[in-house]
Structures are given as structure tokens and as C-alpha cells.
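This briefing is for a reader new to the structure.

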Amino acid sequence: MSESFAPPETCDLLIEAGFVIPVQPAGAVLENHAVAVRGGEIVAILPTAEARARFAPAQTVSRPEAALIPGLVNAHTHNPMTLLRGIADDLPLMVWLQQHIWPVEAAVIGPEFVADGMALAIAEMLRGGTTCANENYFFPDVQAAVYKRHGFRARVGLPVIDFPTAWASSSDEYFDKAGEVHDQWRGDALIGTAFVPHAPYTVNDANFERIRMLSDQLDIPVHLHTHETAQEITDSLKQHGQRPLARLDRLGLVNDRLIAIHMTQLTEAEIQLCAERGVSVVHCPESNLKLASGFCPAGALQRAGVNLAIGTDGCASNNDLDMFSEVRTAAQLAKAVANDATALDAASALHAATLGGAKALGFGDRIGSIEVGKQADLACVDLSALETQPLHHVISQLIYATGRHQVTDVWIAGRPRLIQRELVDIDTVALVANARQWHQRIRNLHS
């Protein structure tokens, strides 16, 4: 009797890599493995030889000297501000913000500025292996449309602030527009929403209470700059008689929907409170260093069990969207702050830049790790260059020796967005030309 063989399974894409770094389980490195993708979803992770026998893919991408990692999650960005890169450097936060950034923004902000800044940022992020962003800016309707057009995953912020802007002129208008944008994108496969009250010092109690109620009703996060500087703490004690986190707790916002950004000024009790309530903290080390805002105690947060994510902040204060640089700085700074060389080790830093960010955004069930059933948001990183040889420890090499220029390929939901360092469906010449005309417009205003 002849032996019967099952026909090979079909899949859309088979990515073969020298190393697959799934992030979950922590520290795992799968040598000579492949990831099979069907319908934008990961359907198998297995040794390359087995994958070739099991699948008949529509397309195979073979990268034998590369690491395949989950797409990086930039957990705090102001991406339209890419057009303000380098406009007011080497200044403290409030001088930078009040005397430079806000006046220039007031003169240029609008749908065109937001759309053009977003397009430039998306291209930069894709070239650096970032596949998801947590956005915090005005005109979220424009942001969402641009992200969607480029097939980029994002949690788009619905802004609330106590003064009129080009987006809204009153509290009621901020909330009305937030509801409209949320309704428009409800249930979208790539785009989610979050409330983004600017900061404790620019949002009143009544609006925070309204945000808490709507966040509960809509089941969406609250993405908030808080405990960013020592001055913020001093001012809050003077104005409210409480530190900002205690005030937010009084208003019911310290819970598992809170994405707390910066958090450079924390007591041990506040760290424990965040751990108990399921707060996610986004560490933005390079922006904090550049603005001299302080040091987030990333090691202590991690030890306490707080979900830690990493963000670049905006290009006006960083000045780039380079998550490889950011995660390296985060890991090194954590050691110096804790006076402990074991704090935020390489695997933990990679977790913060991937699954930690995904969990913070409420996307942890679909992205952030290479697991069967998750979306195929993936990045391939070439490790063959002399700068990343020899490969004694692949994850350490990714964190401490690798640059974003080594990212060769990027997929979001299985769709290629970067192939062999070339962006897909993005005209880089036009992007640069457009950035230059914005430079001229802003220079004329700022001179």
C-alpha cells in the first residue's frame, strides 16, 4: 500500500531568519527559525527546515544573518512635531515649551502641518523598525487618516487641555470632537484611540473627572504626561495640596488604563501604588536627559512589577524617533540611576520596547511578541556587519551594539512596509522636499 502525504499548507509569507527573538518567553533566541504568516496573522513559528517542508508560501523572505523581532512600539510620540526638529534646543522644559514651541505651533498648526509631519515621522519610524506608535497631538482625525493610509498601527490621542487651540475652543468642544473621532475609528484593525489630557498642570479637576467617566464607558486608555519635573511636583503641592499622582488618584484615574509618561519624580510609595493599580509607565530617557527633566527609576519600577514601556517623545525635544537608540539609553541609564549593573538587562529592555509598549496601549493581545495568533508586526535586523560581530549574545547585541540603519525589512499585519531598506509606497524624495518647504515657512516665523 502506498504511503499518503498531506499536501503542504498554504501561507502568504514565510520569513526565514538566522534568529527569531519572540520576546515571550523572556530571553528566548530561536536559531534558524521561520515565521509563517497568513491573513496578516502569525500561524506558525518553527525551525526553517520544518517550515519549508510544511508550507507552500506565496512569498519567502530569507534573512539567514538577521534577527527577526517584534515591531518596536514607540509608546509616547508627538509625531507632527517632526517638522519642529531642532527648532529650540538646549533649553529647560517650560522655557522650551512656553517661549518657543507653543508660539511656533500656534502660527503653523492645522491639518496640513499635522498630515505632513505625520508622513515624515511614519517614514522615519518604519526605517527604524517601529511598527506602532502612541500618538499625543492635536487634529487626531487627521492623524488617524494618515496612519491608516500608510498601514501603520497607532493609538491616536483625543486631546483635552484647559485653553483654546486650533483644534478646539472650549472643554465641551474638546469632548465633543473626541467622541466623534472615537466613533469614527471604533473597531478599526489598526487604529485605536485614547484620551490625552496634556498634563496635570493644564487640565482641571472637572475635566479629569469627565475623562475618567468616559474612559470607563468607552474602555480606552488615558495617556498623560505626569511627574515630569520637580517643578511640576512643587507647583501641584502649592495649587492642590497634593502631588500630581495623589490628585489623579483622588479623581479616580490611577488604574490599569493610565499610561503615565516620564515619571521622573517618584517615591517608593508611588511606585508601589502604580504596581498595585496596573499603571503603565512610559520611559522617555533621551528627551528627559535633553530637557534635564530628571530620571525615571526604570529599574525600581520593573522590580516592583510595573509594566514599563519606552517612547521617544517628539522630535522637537529628542530629536529623533530612533527606538534602537532610545532602548539602549534606557538600559544604560537604568543601571546608573539604580547604581546596579543588573538593572533593566537587555532582554527586559527589549520587552519594554515591544510587549511592554503593546500592553501599555492595550494592544498586548495582538502585537508586541512573536506568538501564534498575533498580528505579524515584525522587523528584520541585519547582524552581519562588523559592528555587530561576533554574535556571542544576540539580544545583548540588539540592545547595546545595533543601530536603526541595520533594519532591513518591516511588516505590519503581514503587509510589507520596508523591503531591503526601501520604503514601500512612500516617496522619500517628495517627503524631504516637503520638509524643506516647512523649514522655510517656520524659519520665516521664527527668525
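Strand β1 (residues 9-20) and strand β2 (residues 30-38) run antiparallel and are joined by seven bridges. Two strands count as paired if DSSP finds at least two bridges between them. Strands (E, at least two residues) and helices (H or I, at least four) are DSSP runs, numbered from the N terminus. This is a predicted model, in which local features need pLDDT of at least 70 and side-chain atom pairs pLDDT 80 or more, while totals for chains, interfaces and linings use all residues. Residues are numbered from 1 along each chain as its sequence is written, and side-chain values use heavy atoms, without hydrogens and water.

**Strands**
- Leu13 has Val37 of β2 as its bridge partner.
- Val37 also stands opposite Ile42 in β3.
- β2 and β3 (residues 41-47) are antiparallel, with six bridges between them.
- These two strands form a hairpin with two residues between them, and Gly39 in the turn has a positive phi of about 60°.

**Helix α5**
- α5 (residues 171-185) has 15 residues and spans 22 Å from first to last C-alpha, close to the 21 Å expected at 1.5 Å a residue; the expected span is 1.5 Å times one less than the number of residues.
- Its buried residues (under 20% relative accessible area, 1.4 Å probe, protein chains only) are Tyr174, Phe175, Ala178, Val181, His182 and Trp185.
- Seen down the axis of α5, these residues fall within an arc of 130°, so they line one face of the helix; the arc is that of the directions from the helix axis to the C-beta atoms.
- The face turned away from the buried side carries Glu180 and Gln184, which are exposed (over 50%; partly exposed lies in between).

**Packing around α5**
- The buried residues of α5 pack against α4 (140-149), β7 (153-160), β8 (191-197) and α6 (205-218), where contact means heavy atoms within 4.5 Å.
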